[in-house]
Amino acid sequence: MSLNFAAEEQVAVAAVRRACMLTSSVFNKLVKNETLVKGDKSPVTAGDFAAQAVVNTILGRAFPDDPIVGEEDANDLRVESGATLKNRIVELANETLTAELGIGEMAEWGLGPGQSRTADELLDAIDRGTYEGGRTGRMWTLDPIDGTKGFLRGEQYAVCLALIVDAKVQLGVMGCPNLPVDASNPDGPRGCIFVGIRGHGSKQLTMSGSDPRPLKIPTFADEELNFLESVEAAHSSHSFNDRVAQLLGIKRAPIRMDSQAKYCCLARGDGGVYLRMPTGVGYKEKIWDHASGSVLVEEAGGVITDSRGEPLDFGLGRTLGENYGVIAAGKAAHVKVLAAVKQAKEEEAKSKGNL
Ligand SMILES: Nc1ncnc2c1ncn2[C@@H]1O[C@H](COP(=O)(O)O)[C@@H](OP(=O)(O)O)[C@H]1O
Ligand SMILES: [Mg+2]
Ligand SMILES: [Mg+2]
Ligand SMILES: [Mg+2]
């Protein structure tokens, strides 16, 4: 029987839950100077930094020897021009770390009333996430807000945390504060946590971490299949997906959604195929954008590969290496989609050759 990572699961769910409290509460209060544009032109908010500070503080206390590959770093907050944003982040992180949740997690992990951290401690916590990754050992990977653009639009985003051991994802925990608990009731209650544990299945929990519901990807009839794809056309080629859908005879419109919430929706059967093909050259996918989703999908009975059918390699460092895209689906659907993707790639190569 494989390890069940019970202690890691408990800590990760608690950390993701606290980070989700923070991001939900900050959303309504974000003001203009609380968002920065990073070097790659992507946005980052006070919520991203503060959520990374909270999760890394908790991980640092519970598993002090584990390195963390986190999306954000504190460089922009350590300079004079970042002082206002830094103060806001410290305020938000401490509000969250000191909240009284009454679930017996608190003293042990340095949480609850009276457990405020200094600004320096919180910036250092953010910078615990600068680990380079690699092939061996234990490491966590964190995306404090995946789908920052969705977050800013008030749409889908996810707090994503995964444990990788010797380049294999063993545990993935995702918090989706805006995701309907039940896709068949889109106007009903929102907010859920998803957990995948290698060898032990996938489940959906409430936002407070209770009421586990096991997840299994259903087998879709061909005419029922549909795509889950990025909202942002710059992140994933919409036209390529359209061609693959055409080759497969898919009639249903794609579901466009930001973040790894797409993997959560795949794992519970809201959509049949996750397909993400590069839009240009040069961008390398980051491990924190796929680690937790990949184990969730696999443990719900699905398959995740690149567009050549090769497994994703989480042992190359902070990125997944050269970008061949990502295909995730239930077992039977994955075989068909992979074949159609190969055909669409051949067509594309031919038409480029003929130009
Ligand atoms: N050119 C690009 N191609 C693919 N992914 C990109 C990209 N530029 C940014 N991203 C990633 O796409 C993620 C969002 O994925 P999606 O499009 O599925 O919502 C972003 O995560 P963050 O929002 O955490 O920065 C970012 O890491
Ligand atoms: Mg980002
Ligand atoms: Mg991301
Ligand atoms: Mg992010």
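**A friendly note on this fold**

1. Let's begin with one pair of residues: Glu 229 has Arg 256, in strand E11, as its bridge partner. Please keep in mind while you look that this is a predicted model.

2. That pair sits where two strands meet. Strand E10 (residues 227-229) pairs with E11 in the parallel sense, over two bridges.

3. Now step back to the sheet. Five strands form an open sheet in the order E11-E10-E12-E14-E13, and the pairing is mixed. Strands E11 (255-256) and E13 (302-305) are at the edges with a single partner strand each, so each has one side without a neighbour in the sheet.

4. Helix H8 (residues 291-299) lies across E13 and strand E14 (326-330), and runs at about 145 degrees to E13. Helix H9 (residues 331-353) also packs on the sheet, where it touches strand E12 (273-276), E13 and E14. The direction of H9 makes about 145 degrees with that of E14.

5. What about the protein overall? Its secondary structure comes to nine helices and 14 strands. The radius of gyration is 20 Å, close to the 20 Å from the globule rule for 355 residues, so the protein is as compact as a globular protein of that length. Of the 355 residues, 48% count as buried.

6. Finally, which residues are closest to ligand 1? They are Thr 148, Ser 230, His 235, Asp 258 and Tyr 283, out of 18 residues that surround the ligand. By class, this shell has three nonpolar, eight polar and seven charged residues. Strand E4 (residues 138-146) gives the most to the shell, with three residues.

Conventions: Residues numbered from 1 in each chain as written. Chains lettered and ligands numbered in written order. Predicted model: local features only at pLDDT ≥ 70, side-chain atom pairs only at ≥ 80, totals over all residues. Near = placed C-beta within 6 Å. Helix = DSSP H or I, 4+ residues; strand = E, 2+ residues; numbered from the N terminus. Nonpolar A, V, L, I, M, F, W, Y, C, P; charged D, E, K, R; others polar. Rg over C-alpha atoms; globule rule 2.2 N^0.38 Å. Buried ≥ 20, exposed ≤ 12 C-beta atoms within 10 Å, placed from the backbone. Pairing = 2+ DSSP bridges. Contact = placed C-beta atoms within 7 Å. Axes fitted to C-alpha atoms, helices over the stretch in contact; angles between N-to-C directions.
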